Amino acid sequence: MNKPVAKLEPESEVSLDPLAKLRDPFPPNQVSKLPKETKAQKEEREKDRSKGINCNICGGWHHKNTIHLDYVGHAALTDRLLDVDPLWSWEPVAFRDGLPAFDQTGGLWIKLTVCGVTRLGYGHAAGKPNMDPGAREKEVIGDALRNAAMRFGAALDLWHKGDLHAHEEEPTPSLEERAVAHLKACAIDRATFKDGWEKNKAGWEAALDRAAYARVVAEMKRLAATLPAEPEPPKEEPAADDFGLADDEIPF
Ligand SMILES: [Zn+2]
C-alpha cells in the first residue's frame, strides 16, 4: 500500500551538494606553515648568519623576520577528498609516451574528479639541489591537486586572505628598526653620529616602549664604539655636575 503523500520525507537530512563539504574550513592541526623569505632577507641572512633563526614555527632555518603562509598539505587535502567522495580521482590532462605529460617548465595540468564533477588544476614546483629522484614530480602532483581542489573551494579561506602575495611586499620596518637604520647611516664619523643621535633621541624615547628604546640605546653604544677617535679630541675635564650622566648619554 502506498504511503500518504505527507509522509514522503527523506529518512535523514541529505545535503543537496556533497561538494559543499570541500569548502569547510580546515582545522588548525591540518594547516601547515610555509616560510616565505624575501630575496632581500635571503641575501641579508647569507651575509650575516646572526640574521637567521632556527624557526620554532616551521622548523626551518630562515631570516628572523620571515613571514609564514598558511597552507593545507597534500595529506590533509587527500583526507578531505576521501571524506567527500571515497571514489575521487585525478588524471593528467595529457600523456606522452604513456606517461603524464609534464610541460616544458616541469608543470602538470590535471583533471580532478570529485562526486562526478571534473575540474582542471595546474601544479608546479621548483627543483632543489639534492632532491630525491621523483620528489619534484610528487610535489608537482600535490600542488596540482591543491590547485584543482581550490576550484571546488577547498581551503579557499586560506587563499583569499591575500597572504599569497604578501611575500612580494617588504614588511614595513618598525620605528625601532628605522631608528637603528638611521644610527647605522649616521655612523660615518663622531660628529655626524652625535648629531643623528641628539636630534632624534627624545622623539625615539617618547615613541618607543622602554625595552625597544633600551635596545636602540644599546645599538647606539655598540655603533659609537666602532667609530674611530677624532684626531685631536679636545678633552675637557668633566664638570662636577656631569658625573651623574643619564644612561642614554653618548659615550664620548
Ligand atoms: Zn619558520
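These legends describe close-up views of one predicted protein model.

**View 1. The whole chain.**
The model is predicted: local features need pLDDT of at least 70, side-chain atom pairs count only at pLDDT 80 or more, and totals for chains, interfaces and linings use all residues. Residues are numbered from 1 along each chain as its sequence is written. The protein chain holds 7 helices and 9 strands. Both are DSSP runs numbered from the N terminus: helices are H or I with at least four residues, strands are E with at least two. Of the 252 residues, 16% are buried. Buried means that 20 or more other C-beta atoms lie within 10 Å of the residue's own; exposed means 12 or fewer, and partly exposed lies in between, with C-beta atoms placed from the backbone. Among contacts with a separation of 6 or more, 62% join residues 24 or more positions apart. A contact means that the C-beta atoms of two residues, placed from the backbone, lie within 7 Å.

**View 2. An open sheet of 3 strands.**
The strand order is β5-β8-β9, and the pairing is antiparallel. Strands of a sheet pair through backbone hydrogen bonds, either parallel or antiparallel. Here, two strands pair if DSSP finds at least two bridges between them. β5 (89–92) and β9 (117–123) are the edge strands. Each has a single partner strand, so one side of each lacks a neighbour in the sheet. From one strand to the next, the twist averages 25 degrees. β5 is joined to β8 (residues 108–114) by 4 bridges. Pro92 stands opposite Ile110 in β8.

**View 3. Helix α3 across the sheet.**
α3 lies across β5, β8 and β9. Its direction is at about 135 degrees to β9. Axes are lines fitted to C-alpha atoms, for helices over the stretch in contact, and angles run from 0 to 180 degrees between N-to-C directions. Ala148 belongs to helix α3. Ala148 is buried, because 25 other C-beta atoms lie within 10 Å. Leaving aside neighbours within four places in sequence, Ala148 is in contact with Ile110, Leu112, Arg119, Leu120 and Gly121. Ala148 and Thr113 are 35 residues apart along the chain, with 9.3 Å between their C-alpha atoms.

**View 4. Helices α2 and α3.**
α2 (residues 74–84) packs with α3 (residues 135–151) at an angle of about 50 degrees. Their axes are 10 Å apart. The two helices are therefore oblique to each other. Angles under 35 degrees count as roughly parallel, over 145 as roughly antiparallel, 65 to 115 as roughly perpendicular and the rest as oblique. The crossing is left-handed. From α2, the contact uses His74, Leu77 and Leu81; from α3, it uses Gly142, Leu145, Arg146 and Ala149.

**View 5. Helices α5 and α7.**
The axes of α5 and α7 (residues 210–226) come within 10 Å and cross at roughly 15 degrees. These helices are therefore roughly parallel to each other. In α5, Glu176, Ala179, Val180, Leu183 and Lys184 take part in the contact. They meet Ala212, Arg215, Val216, Glu219, Met220 and Leu223 in α7.

**View 6. Glu177 in α5.**
Glu177 is in helix α5 (residues 175–186). Glu177 counts as partly exposed because it has 14 C-beta neighbours inside 10 Å. Glu177 and Ala212 are 35 residues apart in sequence. In space, 9.5 Å separates them, C-alpha to C-alpha.

Key
Left-handed = near helix turned anticlockwise from the far one by under 90°.
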